[in-house]
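Hi,

Here is the model I promised to pass on.

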Amino acid sequence: ARVNFNESNPPLPSGRFADGFGRRWTATSNTNVRLSLHTGYPELSDGYTESHRKNIRRSLKSGLSLTNDFSHADLVRMMRQMMDKKSVRLSGGIYHTLEAILEAASRHLTITKMGITGGDHHELVAAAFFLFSKKGVTYFSAATPAGKASKAMFFLIDAFIREHAGSDEFI
């Protein structure tokens, strides 16, 4: 599930557009899925697809471990590497601003951060930063190529759901 900050905004039509300054941009429609964590973990995990269960089993066989021993800068660096790999070039200022937002959120809001380590050197292969609000949980996440190959994000999100099942939260 991907949760966006703008989920309550009206959807834009899909297509290519140009603004009054000659800049071109493309709008794509995305669907937000909200998962209620009100029920227990067994009921929530019963709703997983077989493919999802297989990815979780695969991640468990990879010898991955949960950690919260990483910095906001580590997550932002991983996000930048992911974007670079997709050939999406954003200015360094964007990443600096995101790191500052995460730091401020840590001081003023309810947050949880979860990471996944794996590999020979137990390096960070996936990480997420969860912000809690009255509307639900919003998260920022990233994975390295090794994290993607080991299905680390499935393991991470499942761990979050397991930890917060039975709460009044939505993710």
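To start with the contacts (heavy atoms within 4.5 Å): among those in the chain with a separation of 6 or more, 63% are between residues 24 or more positions apart.

Some housekeeping before the rest. This is a predicted model, with local features needing pLDDT of at least 70 and side-chain atom pairs counted only at pLDDT 80 or more, while totals for chains, interfaces and linings use all residues. Numbering runs from 1 along each chain as its sequence is written, and side-chain values use heavy atoms, with hydrogens and water left out.

The overall picture: six helices and six strands, taken as DSSP runs (H or I, at least four residues, for helices; E, at least two, for strands) and numbered from the N terminus. Along the sequence they follow β-β-α-α-β-α-α-β-β-β-α-α. The accessible surface of the chain is about 10,900 Å², and carbon and sulfur atoms own 54% of that (Shrake-Rupley with a 1.4 Å probe; for residues, only the protein chains shown count as cover).

Now the sheet. Four strands make an open sheet in the order E3-E4-E5-E6, with antiparallel pairing; two strands pair if DSSP finds at least two bridges between them. E3 and E6 (136–143) are the edge strands, each pairing on one side only. On average, neighbouring strands are turned by 25 degrees against each other, direction ignored. The axes are lines fitted to C-alpha atoms, for helices over the stretch in contact, and angles run from 0 to 180 degrees between N-to-C directions.

Strand E4 (residues 111–118) is worth a click: six of its eight residues are buried, so the rest of the structure largely encloses it. On one pairing, three antiparallel bridges connect E4 with E3 (residues 65–67), and Ser-65 has Thr-117 as its bridge partner there. On another, eight bridges join E4 to E5 (residues 123–133), again antiparallel. Met-114 is bridged to Ala-128 in E5, and Lys-113 to Phe-129.

H3 (residues 72–85) packs on it, touching E5 and E6, and its direction makes about 65 degrees with that of E6. H6 (residues 152–164) lies across E3, E4, E5 and E6, at about 40 degrees to E5.

Next, the aromatics. Rings of Phe, Tyr and Trp (its six-membered ring) pair if their centres lie within 6.5 Å, and planes under 30 degrees apart count as stacked, over 60 as edge-to-face and the rest as tilted. That gives three aromatic pairs. Phe-130 and Tyr-139 have ring centres 5.5 Å apart and planes at 40 degrees, so they are tilted. Phe-130 and Phe-160 are stacked, with centres 4.0 Å apart and planes at 10 degrees. Because Phe-130 lies in E5 and Phe-160 in H6, that pair ties together parts 30 residues apart in sequence. Phe-130, at 0% relative accessibility, is buried, as is Tyr-139 at 14%; Phe-160 is buried too. Ring pairs link Phe-130, Phe-132, Tyr-139 and Phe-160 into a cluster.

Finally, charges over rings (NZ of Lys or CZ of Arg within 6 Å of the ring centre and within 35 degrees of the ring normal). The charged end of Arg-34 sits over the ring of Phe-170, 4.7 Å from its centre, and Arg-162 lies over the face of Tyr-41 at 4.1 Å from the ring centre.

Cheers

Notes
Buried < 20%, exposed > 50% of the residue type's maximum accessible area, 1.4 Å probe, protein only.
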